[in-house]
Amino acid sequence: MANSFGTDILIQAQDPRQAAAFYVNQLGFTITGEEPMLSLHGEHINLFIEQGPPLGPVLEVTVQNVEEAKGRLLKNGCVIVKNEPDVPRCYVRDPYGLIYNLTT
């Protein structure tokens, strides 16, 4: 099971531009894109901000098979927070409160 955390973190904010300004002005990120969401890149992580109710940080976890990983995680105490197969993305909250997006 060779899964790995990526360097991408996603957050949702009611006002993505205001949130982006905070990270640019206070932490030195650079806005590098605006579609489909605001993209900010730093030296070690990439931060993406989209409009929506705050979920907290969503980490990205790369797996070999999203459906297999999702099934295994659900059987072991995880819950789906947001499932958008058309995007595609699936946010999972594990029993310890960490939220991550499963991707290949």
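Helix 2 spans residues 66-75, and its buried residues are Ala69, Lys70 and Leu73. Buried means under 20% relative accessible area, exposed over 50%, and partly exposed in between (1.4 Å probe, protein chains only). An α-helix has 3.6 residues a turn, so residues three or four places apart point the same way. The structure is a predicted model: local features need pLDDT of at least 70, side-chain atom pairs count only at pLDDT 80 or more, and totals for chains, interfaces and linings use all residues. Residues are numbered from 1 along each chain as its sequence is written, and side-chain values use heavy atoms, with hydrogens and water left out. Helices (H or I, at least four residues) and strands (E, at least two) are DSSP runs, numbered from the N terminus.

The buried residues of helix 2 pack against strand 6 (79-84), strand 7 (89-93) and strand 8 (99-103). Contact here means heavy atoms within 4.5 Å. The face turned away from the buried side carries the exposed residues Glu67 and Lys75. Asparagine 65 caps the N-terminal end of helix 2. One of its side-chain oxygens lies 3.0 Å from the backbone nitrogen of glutamate 67. After helix 2 comes glycine 77, with a positive phi near 95 degrees.

Aromatic rings were examined next. Rings of Phe, Tyr and Trp (its six-membered ring) pair if their centres lie within 6.5 Å; planes under 30 degrees apart count as stacked, over 60 as edge-to-face and the rest as tilted. This rule gives 2 aromatic pairs. Phenylalanine 22 and tyrosine 23 have ring centres 5.2 Å apart and planes at 90 degrees, so this pair is edge-to-face. Tyrosine 23 and phenylalanine 29 form an edge-to-face pair, with 6.3 Å from centre to centre and 85 degrees between the planes. Phenylalanine 22 is partly exposed, at 46% relative accessible area. Tyrosine 23 is also partly exposed, at 22%. Phenylalanine 29 counts as buried, at 11%.

The largest pocket has a volume of about 210 Å³. On a 1 Å grid over the protein atoms alone, a pocket is an open set of points where a 1.4 Å probe fits, with protein on both sides within 12 Å along at least five of seven lines; lining residues have an atom within 4 Å of a point. Grid points are joined across faces, edges and corners, and the volume is the space filled by probe spheres set on the points. The pocket is lined by 14 residues, of which Asp8, Leu10, Phe48, Glu60 and Asn101 lie nearest its centre. Strand 1 (4-13), strand 5 (58-62), strand 7 and strand 8 each give two or more residues to this lining.

Two further residues were placed in their surroundings. Serine 39 lies in strand 3 (residues 38-41). Serine 39 is buried, with a relative accessible area of 10%. Beyond its neighbours within four places in sequence, serine 39 is in contact with Thr30, Ile31, Thr32, Gly33, Leu47 and Phe48. Arginine 17 lies in helix 1 and is partly exposed, at 49% relative accessible area. Leaving aside neighbours within four places in sequence, arginine 17 is in contact with Glu34 and Leu38. The C-alpha atoms of arginine 17 and isoleucine 49 are separated by 8.4 Å, although the two lie 32 residues apart along the chain.

Technical notes. Polar contact = N/O pair within 3.5 Å; in protein donor to acceptor, adjacent residues only side chain to side chain.
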